[in-house]
Amino acid sequence: MKLPFSDKAFVPQQKLLHYLLLDTHPVGRFKAKFFHNVGFNEKNVHALEQALLAIAVSEDVKEIVESPYGKKYILDGGIVTPNKKRVILRTIWIIENSKNEPSFVTVYPL
């Protein structure tokens, strides 16, 4: 099964700049270290966004988790980083109740 409405998926800029790439964020700093090590930074943040969206469009849903706010969809996929490394990521997307667009929640390197 593919992510429903994947053509409408989006990654909030706040998540990219102030979570995934911010090395002082209380939770995101560990992810920021990973992404910086494979070549992502504030200058090429658009490449990270496009890589996450490509996973949303192309990969199959691994799991669906119900929440009070909507359904969360877990997808795994590989990307090629600016350092030319191929990494596998687990992404989580949510389609909030009464909406029809998946919003990026978080990502974990596998």
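Helix axes are lines fitted to C-alpha atoms over the stretch in contact, and angles between N-to-C directions run from 0 to 180 degrees. The model is predicted, with local features requiring pLDDT of at least 70 and side-chain atom pairs counting only at pLDDT 80 or more, whereas totals for chains, interfaces and linings use all residues. Residues are numbered from 1 along each chain as its sequence is written, and side-chain values use heavy atoms, with hydrogens and water left out.

Helix 1 (residues 13-20) packs against helix 3 (residues 45-58) at an angle of about 120 degrees, the axes lying 11 Å apart. Helices here are DSSP runs of H or I with at least four residues, and strands are runs of E with at least two, numbered from the N terminus. The contact (heavy atoms within 4.5 Å) involves Q13, L16, L17 and L20 of helix 1 and V45, L48, E49 and L52 of helix 3.

Strand 1 (residues 61-67) and strand 2 (residues 70-80) run antiparallel and are joined by six bridges; pairing requires at least two bridges found by DSSP. The two strands form a hairpin with two residues between them, and V61 has L75 of strand 2 as its bridge partner.

T106 belongs to strand 4 (residues 103-109). T106 counts as buried because its relative accessibility is 6%, the cut-off being under 20% relative accessible area with a 1.4 Å probe and protein chains only. Beyond its neighbours within four places in sequence, T106 contacts Y19, K31, R90, T91 and I92.

Technical notes
Buried < 20%, exposed > 50% of the residue type's maximum accessible area, 1.4 Å probe, protein only.
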